[in-house]
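Open the model in your viewer and keep the sequence panel beside it. This tour goes from one side chain to its neighbours, then out to the whole chain.

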Amino acid sequence: MSGKHIAEDKDQPKSFAWTAESEARIETILAKYPENRKASAVLPLLDLAQRQHDNWIPLAAIDAIAERLGMARIRVLEVATFYTMFNLAPVGKWFLQACTTTPCWLRGSDDVMRCIKDKLGIGNHGATADGQFSLLEVECLGGCVNAPILQVNDDFYEDMDYETTAELLESLKRGEQPPVGSMKGRQTSQSIAGPTSLTSLKDAEGVPSWFAGQKAAGGGDD
């Protein structure tokens with residue numbers, strides 16, 4: 001297992017029970033796998049337990065998953081401790097996950113981390129006293145082209161720097177969550193100045209006819 005923090009005994013609930021909604025979802029998930037391959041459902045069940053239990057997974061839920069899938073408890077824990085998206089201890093209302101892998105680092109993730117430290121007084125694995133924010137430094141979030149990336153709960157904020165991070169944190173403090181995506185207004189993964197190719201029918205000369213036809217019909221932009 002990794003060194004991921006597991007909640008202390010005083011924070012662990014004595015029991016965990018699936019809600020009726022979760023039970024229905026589990027039936028749908030398990031139907032995707034052969035009876036002798038139920039352990040393959042461990043990832044979606046961990047995610048389901050986390051969403052049911054205020055964004056973290058107590059040990060009682062680990063036991064419930066192990067029982068449902070016919071797995072040893074340690075096998076479920078091995079999976080839960082490997083992936084950073086699973087929390088085994090309480091996290092803040094706004095769970096900040098800052099990518100500091102090479103592409104984000106080259107684009108200024110140090111400034112994002114510095115802003116969080118300046119504005120919230122927390123570092124990696126830290127949490128504010130009011131429980132509103134917690135921070136985890138993570139590996140690649142898969143949005144390298146729009147680096148640096150700061151994930152807030154399930155949502156990506158892209159093209160971050162010190163100033164936009166500060167603006168985002170102030171909005172979250174007020175209970176307001178800005179629209180997701182580029183904090184600099186970039187359209188998908190285009191150049192910050194806008195599209196640089198295939199901006200007109202003339203640009204489409206020489207490309208496959210089906211693509212030119214889509215351009216003429218107003219499609220094919222993606």
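Select phenylalanine 82. It counts as exposed, because its relative accessibility is 62% and the cut-off for exposed is over 50%, with buried under 20% and partly exposed in between (1.4 Å probe, protein chains only).

A note before moving on: this is a predicted model, where local features need pLDDT of at least 70, side-chain atom pairs count only at pLDDT 80 or more, and totals for chains, interfaces and linings use all residues. Residues are numbered from 1 along each chain as its sequence is written, and side-chain values use heavy atoms, with hydrogens and water left out.

Now show the cartoon. Phenylalanine 82 sits in helix H4, which covers residues 73-82. Helices (H or I, at least four residues) and strands (E, at least two) are DSSP runs, numbered from the N terminus.

Next, show the aromatic rings. Rings of Phe, Tyr and Trp (its six-membered ring) pair if their centres lie within 6.5 Å; planes under 30 degrees apart are stacked, over 60 edge-to-face, and the rest tilted. The count by this rule is three aromatic pairs. One of them joins phenylalanine 82 to tyrosine 83, edge-to-face, at 4.9 Å centre to centre with 85° between the planes.

Step to tyrosine 83. Its relative accessible area is 31%, so tyrosine 83 is partly exposed. Tyrosine 83 also pairs edge-to-face with phenylalanine 86, at 6.3 Å centre to centre and 85° between the planes.

Is phenylalanine 86 buried or exposed? Phenylalanine 86 is buried, because its relative accessibility is 4%. Select the three together: Phe82, Tyr83 and Phe86 make one aromatic cluster.

With Phe82 and Tyr83 they form a nonpolar patch of about 400 Å² accessible area together. Accessible areas come from the Shrake-Rupley method with a 1.4 Å probe; for residues, only the protein chains shown count as cover.

Finally, zoom out. The protein chain has eight helices and five strands. From the N terminus, its elements run α-α-α-α-β-α-α-β-β-β-α-β-α. Of its 222 residues, 40% are buried. The chain exposes about 12,600 Å², with carbon and sulfur atoms supplying 51% of that area.

Definitions and conventions: Patches are made of residues with over 30% relative accessible area and no salt bridge: like charges are joined within 9 Å, nonpolar side chains (Val, Leu, Ile, Met, Phe, Trp, Tyr) within 5 Å. A salt bridge is a side-chain nitrogen of Lys or Arg within 4 Å of a carboxyl oxygen of Asp or Glu.
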